[in-house]
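User: I'd like to learn how to read a few features in this structure. Can we go through them one at a time?

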Amino acid sequence: MTSVPKDATPAVPPASLSTEEIAAILAGTHANPFAALGVHPAGKEFVARCFVPGAETVTAETLAGKEIGTLTRRDDAGFFEGVIAVKKIQPVRYRARNDGGEWTITDPYSFGPVLGPMDDYYIREGSHLRLFDKMGAHPIRHDGADGFHFAVWAPNAKRVSVVGDFNDWDGRRHVMRLRQDTGIWEIFVPDVQSGAIYKYEIVGKSGELLPLKADPFARRSELRPQNASMTTGEIEQVWQDEAHRAHWASVDARRQPISIYEVHAASWQRRDNGDMLTWDELAERLIPYCIDMGFTHIEFLPITEYPYDPSWGYQTTGLYAPTARFGEPEGFARFVNGAHKVGLGVILDWVPAHFPTDAHGLRWFDGTALYEHEDPRQGYHPDWNTAIYNFGRAEVFSYLVNNALYWAEKFHLDGLRVDAVASMLYLDYSRKHGEWVPNEYGGNENLDTVRFLQTMNKQVYGSHPGIITIAEESTSWPKVSAPVHAGGLGFGFKWNMGFMHDTLQYLQREPIHRKHHHNDLTFGLLYAFSENFVLPLSHDEVVHGKGSLIAKMAGDDWQKFANLRAYYGFMWGYPGKKLLFMGQEFAQWQEWAEDRSLDWNLLEYPLHEGMRRLVRDLNGTYRNKAALHARDCEGDGFEWLIADDRENSVFAWLRKAPGEKTIAVISNFTPVYRENYTIPLPVEGRWKEILNSDAEIYGGSGKGNGGAVQAKKNSAGVITATITLPPLATLMLEQD
């Protein structure tokens with residue numbers, strides 16, 4: 001490096017740093033760079049100090065560009081200091097020069113902190129509900145300069161620096177300020193633009209340099225396989241969904257039709273070259289499709305940033321960032337806005353149960369078990385090779401509650417479906433004796449999880465009227481969907497995993513054997529109203545060798561299609577909200593794979609197109625007939641007509657709602673065509689056949705009742721109707 005001419009070298013200012021301190025700054029080991037760098041009083045004067053690698057000379061300026069002093073180079077590595085002509089501590093800019101040219105740097109160490117004592121107070125208390133506006137990277141104007149404020153929690157770190165393209169990934173350049181009360185490190189970095197990539201360079205408490213970490217609060221990330229965080233502004237979206245949100249805020253969701261289309265955004269459809277669609281492309285295709293099909297909601301498998309495609313998003317490293325696979329975050333906001341404009345809700349699969357152990361993620365974040373339990377009996381998930389959040393730690397608790405609020409507020413989500421709740425609730429989940437730690441009372445219940453879920457639900461429902469939360473909970477934990485004030489977990493709904501298991505087990509059996517397993521279809525009504533249930537035929541049932549739904553059905557191809565049609569009719573007539581995974585609406589043969597599009601070419605074949613039409617008509621009937629949805633979660637909306645005809649494998653029941661026409665649902669799960677079958681009905685008169693899964697338009701045999709049946713009172717005073725039962729079919733009859 002060329003030395004500065006002696007006669008051009010300003011005098012060393014008073015109160016200059018010692019050579020030891022300078023060496024520490026240059027090594028990145030100074031205990032508090034904010035006490036050394038920036039602008040500081042020196043008697044009646046003010047001194048500026050900076051570290052500008054590569055500079056030969058440095059001149060200080062005000063932010064307005066007025067020159068206020070030339071600094072002395074104290075070390076050839078780029079340390080400068082000197083007296084500047086200012087009357088108070090203020091932000092400054094440096095004009096640096098060398099043989100290659102000239103550049104300017106606004107001094108980050110000449111700015112004060114951004115976070116305040118009230119932030120510290122609420123963060124320590126664990127009650128801060130605006131963390132997503134404070135933590136991570138946010139564009140701000142601070143003391144007259146534009147840039148990004150960075151804040152990260154790393155209480156056990158010896159040093160934390162933000163590194164990125166803007167500082168050549170040099171951890172010595174932007175060492176952050178530690179807020180002692182909270183363990184949060186922060187810094188305002190002037191002149192950083194949106195779209196800059198960054199990570200945190202963390203030195204552990206013993207001086208060890210840790211792997212670079214992505215920002216836990218990053219709102220945008222690089223596209224995999226890259227994994228850095230990206231600076232981004234606030235979501236710029238002109239929302240046009242007031243009517244949609246007002247509707248859901250004004251109704252009881254339990255009494256509304258809810259039919260959910262579960263979608264893996266990366267594989268629903270793809271471009272001709274195999275690339276994933278963007279959010280805008282998905283909006284053009286998926287939203288009209290769902291509207292035509294009559295679904296009320298789309299539920300996306302997790303779209304928070306994740307490194308590994310085959311995890312489907314369930315192993316997320318960026319809970320606050322929509323994955324870069326489908327474009328920028330604003331694209332997702334546009335998608336939600338577009339869905340809402342046509343009355344379609346959007347639900348996000350949310351994963352607060354665990355996180356992957358990728359080096360750039362949360363695990364061992366500051367050199368200690370920060371987000372997870374240190375004890376592997378509590379902090380390691382044996383099923384998924386992941387780390388388990390420490391729900392007993394206020395900062396982790398708050399991080400996750402804030403994340404739920406973030407998606408609801410910033411992206412106007414209609415709901416969160418919480419994944420793997422059972423694994424969160426039980427300390428001994430998937431563990432053998434001796435591999436888990438009991439709670440304070442000696443039990444296996446994770447009391448910290450209970451408090452977390454209750455708080456999350458209270459905060460989400462309290463601040464976002466109209467939202468719904470849904471638990472994927474596979475055990476008989478009581479009151480999952482009961483209010484917190486009544487001792488429940490506070491969810492709006494719970495997946496009915498028993499329904500999915502029992503009904504699929506029944507339909508995989510040959511019809512001749514079904515009479516021996518009649519209870520598989522009747523047992524569920526013993527507990528159908530103990531929770532607010534969603535009936536799921538989810539992605540979990542069509543992967544890992546389980547085959548597609550059509551492939552599971554018993555019999556030859558004709559029987560498989562008939563079975564599935566009858567099953568869908570049974571499910572849409574059964575009490576509970578509906579969920580169907582993509583591709584099953586047109587009976588995709590192949591098992592779902594996350595790396596390719598669904599087999600849309602199957603719609604060229606009548607049986608597959610017929611299945612799609614049936615699902616569309618079931619959705620329409622379910623939505624238009626209040627008897628089928630208004631009492632989904634209440635026992636007075638259901639009444640058995642025939643529950644014990646195991647010999648014929650026939651089931652019949654009524655769906656009812658106050659002031660609405662009653663509907664009878666009848667399912668025949670044998671391939672036997674039954675004429676003159678007698679069913680009891682509550683009132684005499686004409687009952688219209690409003691749906692028949694065996695209709696020719698759906699690919700069936702076309703057997704039926706000519707559009708209606710007549711209910712009559714017999715000599716014993718019992719009202720019955722004699723009907724035709726098509727083979728492997730479900731009928732719906734409505735009181736005329």
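User: Which residue in E2 does His40 stand opposite?

Analyst: Strands of a sheet pair through backbone hydrogen bonds, either parallel or antiparallel. Here His40 stands opposite Val47 in E2. Strands (E, at least two residues) and helices (H or I, at least four) are DSSP runs, numbered from the N terminus. Two strands count as paired if DSSP finds at least two bridges between them. Strand E1 (residues 38-42) and strand E2 (residues 45-51) are joined antiparallel over five bridges. Their hairpin has two residues between the strands, and Gly43 takes a positive phi near 70° there.

User: Before we go on, what sort of model is this?

Analyst: This is a predicted model, where local features need pLDDT of at least 70 and side-chain atom pairs count only at pLDDT 80 or more, while totals for chains, interfaces and linings use all residues. Residues are numbered from 1 along each chain as its sequence is written, and side-chain values use heavy atoms, with hydrogens and water left out.

User: Is E1 mostly covered or mostly open?

Analyst: Buried means under 20% relative accessible area, exposed means over 50%, and partly exposed is in between (1.4 Å probe, protein chains only). E1 is mostly covered, with four of its five residues buried.

User: How do I read the order of a sheet, say the one with E8 in it?

Analyst: In a regular strand the side chains alternate between the two faces of the sheet. As for this open sheet, its four strands run in the order E8-E9-E12-E11, with antiparallel pairing. Strand E8 (136-142) and strand E11 (177-179) are the edges, each pairing on one side only. On average, neighbouring strands are turned by 30° against each other, direction ignored; the axes behind such angles are lines fitted to C-alpha atoms (for helices over the stretch in contact), and angles run from 0 to 180 degrees between N-to-C directions. E8 is joined to strand E9 (residues 145-153) by seven bridges, running antiparallel.

User: Which residues touch the most other members of the largest nonpolar core?

Analyst: A nonpolar core is a set of buried Ala, Val, Leu, Ile, Met, Phe, Trp, Tyr and Cys residues joined through side-chain atoms within 4.5 Å. The largest one has 176 residues, and Phe300 and Tyr568 touch the most other members. Helix H8 (residues 394-410) gives the largest share, 10 residues. There's also a second, separate core of 19 residues, which includes Leu641, Tyr677, Leu681 and Leu731. Contact means heavy atoms within 4.5 Å. Leaving out residues up to four places away in sequence, Phe300 touches a list that includes Trp279, Leu286, Phe332 and Phe335.

User: Why do the lengths of H8 and H5 make sense?

Analyst: The expected span of a helix is 1.5 Å times one less than its number of residues. H8 has 17 residues, so it should span 24 Å, and its end C-alpha atoms are 23 Å apart, which agrees. For helix H5 (residues 279-293), the 15 residues should span 21 Å, and the ends are 20 Å apart, so that agrees too. H8 is mostly covered, with 14 of its 17 residues buried. The buried residues of H5, among them Trp279 and Leu286, pack against strand E15 (259-263), strand E16 (297-300), helix H6 (329-341) and helix H15 (606-624).

User: Is Ser649 buried or exposed? And His544?

Analyst: Ser649 counts as buried because its relative accessibility is 1%. His544 is at 68%, so it counts as exposed. His544 also has a positive phi, near 55°.
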